[in-house]
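Here is a short tour of a structure for you to follow by eye. Please keep the model open while you read.

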Amino acid sequence: MRDAEFFRHWMRAAADAVEREADRLTELDSPIGDADHGANLLRGFAAVRSAVAGPEPAGTPGALLQVAGRTLIATVGGASGPLYGTLLRRTGKELGEAAEVSDEDLRAALRAGVDAVARLGGAAPGDKTMLDALVPGVEALSRSYRAAADAADGGAGATVPLRARKGRASYLGERSIGHQDPGATSAALLLGALADTAEGTA
Amino acid sequence: MSAGALVGIVLVSHSAGVAEQVVELARGLAAGGAVAPIAPAGGTADGTLGTSAELITAAASAVDRGAGVAFLADLGSSVLTVKALLGDEELPPGSRLLDAPFLEGAVAALVAASAGAPLEAVAAAAEEAYDYRKG
């Protein structure tokens, strides 16, 4: 069973990963985006780190993820804010008010969170967005957290030959081909941080 | 909803300058009667390009007269942030994101709202702007 401390740890691990990889995310966002993905997520996850610090305000897994999601929407400033914010908030809502949740509960909740992201952005796998990492990642969760992280990584890598159909990159048409999607890359970081946390290595 | 209350309008743009100037343009074109409350929510709180949930909720409170608030958004994160805030009920009751072009929709919405139209009619006026072909 996973308690609020597990989710606090996950959010801290995600913030660490974003700090480590911010420059790379911004580099990926330079040719096809507006070169702010790393900086935006850095600001957002720094705020999440503070928001989830301490025993309160979030005593349950669901409440903690909802606080983290609301914080991302409030602070990121780019499209990744409402998208990741919705992912975490919806996942948190699905977990309800339980003090501890099973891995199976978390799987189902994350699936609902990813569905909410797809609805909000009107995107599907293959559009060269974060969903190309999130959807295979969540599908692989039934095997293990590490399998989910690996599948998300693979999904992010597989965005290279795709033509973007959503967001600013879609304006580039053919010229968006040949670049890895920064949103899929950061989504893989988030699931990687979850796997590290579950394995106690974060 | 109080009788005779006007629908409020919020213009959400990636740029503070764009949001403010479109508010000014819409006000100028809507003048002739009482102008409904309209406010810009442009750029981020620290003055860069982007979207600020904080500026959006503050603008919504500023124009809310109890008859609903209509939002027009320009691109990407402007649209997604309003949708995310609506999904979490962090905007005033009767808030609605209009599916309309930003500038033309803003003018149509403000003219309709200033004439005392209810939210449904304000939305319809703004959405009709898509039917006007330019070529």
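## An aromatic cluster in chain A

A:Phe6, A:Phe7 and A:Trp10 come together as one aromatic cluster. This is a predicted model, in which local features need pLDDT of at least 70, side-chain atom pairs count only at pLDDT 80 or more, and totals for chains, interfaces and linings use all residues. Residues are numbered from 1 along each chain as its sequence is written, chains are lettered from A and ligands numbered from 1 in the order in which they are written, and side-chain values use heavy atoms, with hydrogens and water left out.

How many aromatic pairs does the structure hold over all chains? There are 2, where rings of Phe, Tyr and Trp (its six-membered ring) pair if their centres lie within 6.5 Å, and planes under 30 degrees apart count as stacked, over 60 as edge-to-face and the rest as tilted. The table sets them side by side.

| Pair | Centre to centre | Angle between planes | Arrangement |
|---|---|---|---|
| A:Phe6 and A:Phe7 | 5.2 Å | 80 degrees | edge-to-face |
| A:Phe7 and A:Trp10 | 6.4 Å | 55 degrees | tilted |

A:Phe7 and A:Trp10 are separated by about one helical turn because they sit 3 residues apart in helix H1 (residues 4-32) of chain A. Helices (H or I, at least four residues) and strands (E, at least two) are DSSP runs, numbered from the N terminus.

Buried means under 20% relative accessible area, exposed over 50%, and partly exposed in between (1.4 Å probe, protein chains only).

## Chain B as a whole

Now let us turn to chain B, which has 5 helices and 4 strands. Along the sequence they follow the pattern β-α-β-α-β-α-β-α-α. The radius of gyration of chain B is 13 Å, close to the 14 Å that the globule rule gives for 135 residues, so chain B is as compact as a globular protein of that length. That radius is taken over C-alpha atoms, and the rule is 2.2 Å times the number of residues to the power 0.38. The C-alpha trace of chain B spans about 40 × 35 × 25 Å along its principal axes.

Of the 135 residues in chain B, 50% are buried. Among contacts in chain B (heavy atoms within 4.5 Å) with a separation of 6 or more, 75% join residues 24 or more positions apart.
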